[in-house]
Amino acid sequence: MTDSPRSGGSRTDFRPETRIVHAGHDPRDHHGAVNPPVYHASTITFPTVADLKRSYARRFDDVYYGRYGTPTTQALDAAVAELEGGRWCVSVGSGMAAVSVVLMALLKAGDHLLMVDSVYWPTRHFCDTLLAGMGVRTTYYDPLIGAGIADLIEPETRLVFTESPGSLTFETQDVRAIAEAAHAAGALVALDNTWATPILFRPFDNGVDLSIQAATKYIVGHSDAMLGTVTMTDRALFERVKLVAGQVGHAVGADEAYLGLRGLRTLSARLRQQGPAGLEVARWLQGRPEVARVLHPGLPDDPGHGLWRRDFAGVCGLFGVLLTPGPTAEAVAAMLDGMRLFRMGFSWGGYESLILDTTRSITRTATPWTHDGPSLRLHVGLEDPADLIADLEAGFARLTGADG
Ligand SMILES: *Cc1c(COP(=O)(O)O)cnc(C)c1O
């Protein structure tokens, strides 16, 4: 492994699970230590004027000033770039920072953005408020639109933003067909690839130009740090995103970068446990009378299952549940308040199971959302799924009042 950490993507002779162990760092660079050192640095000093000038000229790649990165963030960037199948990665302080940096780097006043209707709500909110204020128009499109996206592309459309599966509702998008149509019209394609992580979906093999990770979720994996990444294959695009990230002042903390790298090493092992465990819980839920529908592309009767089989290498532990209409908000609260294992809270991707009431949180403007019963989002952690199922079974008894 003699590649420079920034070169990325060149160890193609190893399989993803092998690369995840070694990507971004060579112990021989650091006295043989298995993990890279944590550089706490703002100022980087130079011995001569010439050295300083040389480093500034290479500021997109070099360690020049803390805001542009340190050897620790470089190791993270190189690892994520390699695992996503890209060449360049820019890490920032959160998933939303990654989303907003992409939108700000690629769009200016007068431009038009096509945004998927099932997008993470804070991304929608960013478009409707800050981006709108900067003179960028957003049109929301049906997540199932596929090649039909061509009909919505205008002369000013610069970017098509995808997220697959969608937040809360988990529609699988035909990213490949969307990318073909977008590129034919001269527009770029961004993907929020957080659900799939860098290992379950290959963004650049499917035509994506920029792949975003809310690394806060599965990459960090332990619910203890905020982190976001943007990965690209194009050098000019990388410099644009890196420049804007610096202009708006994003920098990744040394310890956050380290936690991201440490979490990354066990990502595939965690997914191999949490994905199938989530599917087991999802299948059990499908058999319950309290459940109208389970939203999970890994289930054979899910409308996105065919695309998921074509494009994805597996599932993570996050999915949605639509409850049969009837229970009151109080009944849902009784179910959730009494859970022993599923905790309530935002975010996901850690080792612990989470449950969230998503009733009336689903926002749609391109297509109607018709389910009028309560809805939940479940994240299945590393617990034994049989214990999680028992927890849910007792929860349903509270939901229906069958617990006395
Ligand atoms: C959580 C999340 C984000 C935002 O990530 P933060 O690190 O919380 O800012 C973006 N996209 C998706 C799909 C997410 O789930």
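Colleague: By class, what does the lining of the largest cavity have?

Modeller: This is a predicted model, so keep that in mind as we go. The lining of the largest cavity has 6 nonpolar, 6 polar and 3 charged residues.

Colleague: Which residues lie nearest the centre of that cavity?

Modeller: Of the 15 residues in the lining, R67, Y68, S91, K242 and H250 lie nearest the centre. If you'd rather think in elements, α3 (71-84), β1 (88-92) and α8 (235-247) each supply at least two of the lining residues.

Colleague: OK, now the ligand. Where does it sit, in terms of pockets?

Modeller: The ligand takes up the space of the largest pocket. Around the ligand you'll find S94, G95, M96, Y120, E163, S167, D192, A214, T216, K217, M226 and W348. That shell splits into 5 nonpolar, 4 polar and 3 charged residues.

Colleague: Which polar side-chain atom lies 2.6 Å from an oxygen atom of the ligand?

Modeller: One belonging to T216. Backbone atoms come in too: a backbone N or O atom of G95 is 2.7 Å from a ligand oxygen, and one of M96 is 2.8 Å from a ligand oxygen.

Colleague: And how much of the ligand's accessible area does the protein cover?

Modeller: On its own the ligand has 370 Å² of accessible area, and the protein covers 91% of that.

Note on methods. Residues numbered from 1 in each chain as written. Predicted model: local features only at pLDDT ≥ 70, side-chain atom pairs only at ≥ 80, totals over all residues. Heavy atoms only, no water. Near = heavy atom within 4 Å. Polar contact = N/O pair within 3.5 Å; in protein donor to acceptor, adjacent residues only side chain to side chain. Areas by Shrake-Rupley, 256 points an atom, 1.4 Å probe, with all protein chains shown as cover. 1 Å grid on protein atoms, 1.4 Å probe; cavity = no way out; pocket = protein on both sides within 12 Å on 5 of 7 lines; lining within 4 Å. Sits in = over half its atoms within 2 Å of the grid points. Nonpolar A, V, L, I, M, F, W, Y, C, P; charged D, E, K, R; others polar. Helix = DSSP H or I, 4+ residues; strand = E, 2+ residues; numbered from the N terminus.
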